[in-house]
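Subject: Handover of a protein model

Dear colleague,

Please find below the structure that I am handing over to you. My findings follow it.

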Amino acid sequence: MNVIWRTLLVIFRARQRVRRGESLEAGAVGSIRLTTLPTDLDILRHMNNGRYLSLFDLGRWDLLIRTGLFDAMKQRGWYAVVSSETVTFRKSLELWQRFDVESRFIGHDEKALFTEHRAVVDGEVYARVLVRARMLRRSGGTVPHDELFAALGQPEGVPDVEGWIHDWASASALPPTKAPAPSVWH
């Protein structure tokens with residue numbers, strides 16, 4: 001609920017942009033303009049590190065809707081869940097500061113889709129997050145990429161995922177949900 005009103009506003013605006021012919025190709029960069037609000041701040045009076053991830057979700061909504069992926073998912077009973085993400089901070093966003101969330105699909109592997117989001121002020125990157133998400137069915141199970149691409153077409157313009165991203169995804173993975181995952185500290 002922490003950004004529900006912003007989410008609804010982004011969804012509404014993304015739908016308006018599609019109606020105005022501002023759809024995006026799968027490899028294009030989507031951008032939304034946001035402002036750092038008092039509810040985004042931590043005790044140090046800059047954007048809370050956890051809030052970045054919530055606001056980057058807004059960029060993902062815009063991207064899903066404007067590329068047409070959201071409607072295709074909805075028609076087929078699919079949804080995406082984040083399986084891992086990593087964020088890097090460079091500069092702090094301050095109260096009332098305007099910034100753009102830039103979002104782009106950056107590729108896929110055999111199980112997941114990868115998205116990059118950036119917080120950008122006047123063309124300068126303040127923070128960046130890489131997100132690995134899996135496509136699931138509401139009826140249960142995962143959506144294989146061949147089925148996803150058959151429904152949507154093989155995306156044009158989506159670059160190959162860099163090798164280090166595959167390494168990160170592998171190194172940060174937890175065991176599957178049906179396998180044991182004991183909490184043992186070494």
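Which pattern does the protein chain follow when read along the sequence? The pattern is α-β-α-α-β-β-β-β-α-α, and the secondary structure comes to five helices and five strands. Helices (H or I, at least four residues) and strands (E, at least two) are DSSP runs, numbered from the N terminus.

Please note that this is a predicted model, in which local features need pLDDT of at least 70 and side-chain atom pairs count only at pLDDT 80 or more, while totals for chains, interfaces and linings use all residues. Residues are numbered from 1 along each chain as its sequence is written, and side-chain values use heavy atoms, with hydrogens and water left out.

Overall dimensions and composition

The C-alpha trace of the protein chain spans about 55 × 45 × 30 Å along its principal axes.

Of the 186 residues, 38% count as buried. Here buried means under 20% relative accessible area, exposed over 50%, and partly exposed in between (1.4 Å probe, protein chains only). Among contacts (heavy atoms within 4.5 Å) with a separation of 6 or more, 72% come from residues 24 or more positions apart.

The protein chain has 25 positive and 22 negative side chains, and the centres of the two sets lie 6 Å apart. Lys and Arg count as positive and Asp and Glu as negative, whereas His and the chain ends are not counted. The place of a charge is taken as NZ of Lys, CZ of Arg, CG of Asp or CD of Glu.

Helix H3 covers residues 69-76, and its residues Leu 69, Phe 70, Ala 72 and Met 73 are buried. They lie on the same side of H3, because they cover an arc of only 165 degrees around the axis. The arc is that of the directions from the helix axis to the C-beta atoms. Lys 74 and Gln 75, on the other side of H3, are exposed. The cover over the buried residues of H3 includes helix H1 (4-19), helix H2 (49-67) and helix H4 (145-152), together with strands E2 (78-89), E3 (98-108) and E5 (124-137). Just after H3, Gly 77 takes a positive phi of about 70 degrees.

Leu 152, found in helix H4, touches Leu 69 and Ala 72, not counting residues up to four places away in sequence. Leu 152 is partly exposed, with a relative accessible area of 35%.

In helix H5 (residues 163-172), Ile 165, Trp 168 and Ala 169 are buried. Their arc around the axis is only 95 degrees, which puts them on the same side of H5. Asp 167, Ser 170 and Ala 171 are exposed on the other side of H5. The buried residues of H5 pack against E2, E3, strand E4 (113-121) and E5.

Two loop residues with positive phi

Arg 45, in the loop between strand E1 (30-35) and H2, has a positive phi of about 65 degrees although it is not a glycine. Arg 45 is exposed, at a relative accessible area of 62%. Trp 96, in the loop between E2 and E3, is not a glycine either and has a positive phi of about 70 degrees. Trp 96 counts as exposed, with 53% relative accessibility.

With kind regards
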